Structure formats: C-alpha cells, structure tokens
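Hi everyone, thanks for coming along. I'd like to take a few minutes to walk you through one model, and you can follow on the screen.

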Amino acid sequence: MLVSAKEMLEKAHAGQYGVAQFNINNLEWIKAILKACEEAKSPVILGVSEGAAKYMCGFKNVVDMVRNVHDQLKITVPVAIHLDHGSFEGAKACIEAGFTSVMFDGSHFSIEENIAKSKEIIEFAHSRGISVECEVGGIGGEEDGVTSLGEVANPDECKQIADLGVDFLAAGIGNIHGKYPENWAGLNFDVLAEIQRKVGNKPLVLHGGSGIPKEQVLKAISLGVSKINVNTELQLVFQDATRQYILADKDITGKGYDPRKLLAAGTDAITKKCIEMVKDFGSYGKAE
Ligand code: 13P
C-alpha cells in the first residue's frame, strides 16, 4: 500500500534522520528505487514533477505504474508518491488521481497569494488523508525549464505557512537544483536554525539534494531537515553507466542492443546510488 509522507517524516524528524525523495522518470527508475529501498529497509518518497508526469503519460498512469510495480515486487517498506513542485491545478489533479502526497509550490507568488492557495490545497488534501508540502523562498537552479535564483526564505513567512497546518515545509537556504557551481557558498545554517525555531516541531525539506557535501547534509538533518530531494544525482549515475556500456561496445555485441540489456547497467547504478544515499541520510534500516 502507498502511504502519506506525514508519518514517515514525523518519525524521521523525531529520530533525526533524513528520508529521501527520489524523483522518478520512467519504469526503470521506479523499479530501481523501490528495489533499493526494500533492500535497505528504508522508507522512501517517490517524487514526480509535472514534466515527468507528462512524459509518463499523465498522473493516473504514474499512480498505476507505481502501485503495480510496488505490488509485483512485494515492497513492504513505506512508500509515498508525491507531486514535486506542483502548480495549484496540478496539486488538485494529483490528489484526485491517487497521489498520497503533494507539494504545492507557491513560492513565486506574493506571500499573501501563496498563503491563500496553500490553505486551499492543505484543506483539500487533508480531507482525503494526503500529506502536503509547501514552499517559501524559491530554490535556485533549473527545473523543468524554469530557472530561479537561489533565495533564502524569510523565517516569519515560513511560520505563516507552517501555521496553516502544512505537514512539512520546503524553504530556500541557499540550495540549488541540478549541479552545484564551483563557487557555491554552501547552505545557510543560521537561517535554517531560525526557520526551525519559528515553525516549531515541523519537518523541513531540503531540495537540490544532489552534490551537497555529506557533512552539510548531516548538519541540515541535525537542524530539522527530514526530507531530502534527489533527482540529478540518479540521472548522472544512469547516464554514466549507460555511457560506459556503449563505450565498451556492449550494445553492438550479441544482443546487447536489447533495451532490457542496454538499460540494465544504468538501472543497477540507480539502485546502488540509492542504497548509498539512504545510508548517508540515516534512514537505512528504519523500516525494519
Ligand atoms: P536535484 O536535481 O538537484 O537533486 O534536486 C531535486 C529536487 O530538489 C526536486 O525537487
């Protein structure tokens, strides 16, 4: 059964470890991540951007694929299917389509509009037992073709959104989606600590989890981050393993062109990386 992300993140917050949100792109990603987290006995959140959902032929198909793979692989660890950076309409559509968790990202609106829209999504989702993430202060970098500069969230605005009853909150603390530039200043821990102080006992979310040095991730967890979003890192290991497969001429040897072989090295690399990351985040074994 797929579950809301609320309980797993509250447990993580109390136990001071991080649960990964790994973003999915296709069947291989779903299989690879679920296999890894079952092996690692770790809870997991499968993140789906609106762009990725469109690529996978719609929200309903994503839910059906995840449910079927989950059942077929006899997954026993808690798994949530979560909309990543959803629009107002997208969040509503995902709630209807069977997602167990949604993010409404109103960070590009004025705080008043962000509050009004977040409130409506929270009420709609909670009436169906679905967890909600909202965002204050844009996350830098590029996602689905939209580029925003890294922002540092205003802790008072975080409190205003937290007070609406959101289940977990994403706040910009200098984090960036995609590859981090050489001259990146690092996470702003003072602001993170201040946000956690203002919002009380609420799990915080760290976006842009690919390529942040481990010590910084662990420090962020110790200051209240319970959910770490990872997308680029899995894309890079898939790309690299696939590239090695082709450079070694394996695709032109025997039936190496068969997609089940061609995509296997990349898929296995995703599984391996997920296990490594859940060990780093501390959720390994937490679903035992
Ligand atoms: P990365 O692609 O940098 O890992 O970011 C993922 C993310 O934050 C999804 O919301």
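Two housekeeping points before that. This is a predicted model, so please keep in mind that local features need pLDDT of at least 70, side-chain atom pairs count only at pLDDT 80 or more, and totals for chains, interfaces and linings use all residues. Residues are numbered from 1 along each chain as its sequence is written.

So, the overall picture. The protein has twelve helices and eleven strands; these are DSSP runs numbered from the N terminus, with helices being H or I of at least four residues and strands E of at least two. Its radius of gyration is 18 Å, close to the 19 Å from the globule rule for 288 residues, so the protein is as compact as a globular protein of that length. That radius is taken over C-alpha atoms, and the globule rule is 2.2 Å times the number of residues to the power 0.38. Along the principal axes, the C-alpha atoms fill a box of roughly 60 × 45 × 40 Å.

How much of the protein is buried? Buried residues come to 48% of the 288, where buried means that 20 or more other C-beta atoms, placed from the backbone, lie within 10 Å of the residue's own.

Now to the strands. On one side, strand 2 (residues 44-49) runs parallel to strand 3, joined by six bridges, and Ile45 has Ala80 as its bridge partner. Strand 3 also pairs in the parallel sense with strand 4 (residues 101-104) over three bridges; pairing here requires that DSSP finds at least two bridges between the strands. Gly86 stands opposite Phe104 in that pairing.

Strand 3, helix 5 (residues 88-97) and strand 4 form a right-handed β-α-β unit. Right-handed means that, with the strands pointing away from the viewer, the path from the first strand over the helix to the second runs clockwise.

Moving along, strand 4 pairs with strand 5 in the parallel sense over four bridges. The chain gets from strand 4 to strand 5 through helix 6 (residues 111-126), in another β-α-β crossover that is right-handed. Strand 5 (residues 131-136) has six of its six residues buried, so it is largely enclosed by the rest of the structure. Ser131, Glu133 and Glu135 point one way from the strand, while Val132, Cys134 and Val136 point the other way.

Four bridges then join strand 5 to strand 8, running parallel, and here Glu133 is partnered with Phe168. Why does Phe168 count as buried? Because Phe168 has 26 C-beta neighbours inside 10 Å. Leaving aside neighbours within four places in sequence, its contacts include Leu9, Glu133 and Val205, a contact being C-beta atoms, placed from the backbone, within 7 Å. Phe168 and Leu9 are 159 residues apart along the chain, yet their C-alpha atoms are separated by 8.0 Å.

Technical notes. Buried ≥ 20, exposed ≤ 12 C-beta atoms within 10 Å, placed from the backbone. Contact = placed C-beta atoms within 7 Å.
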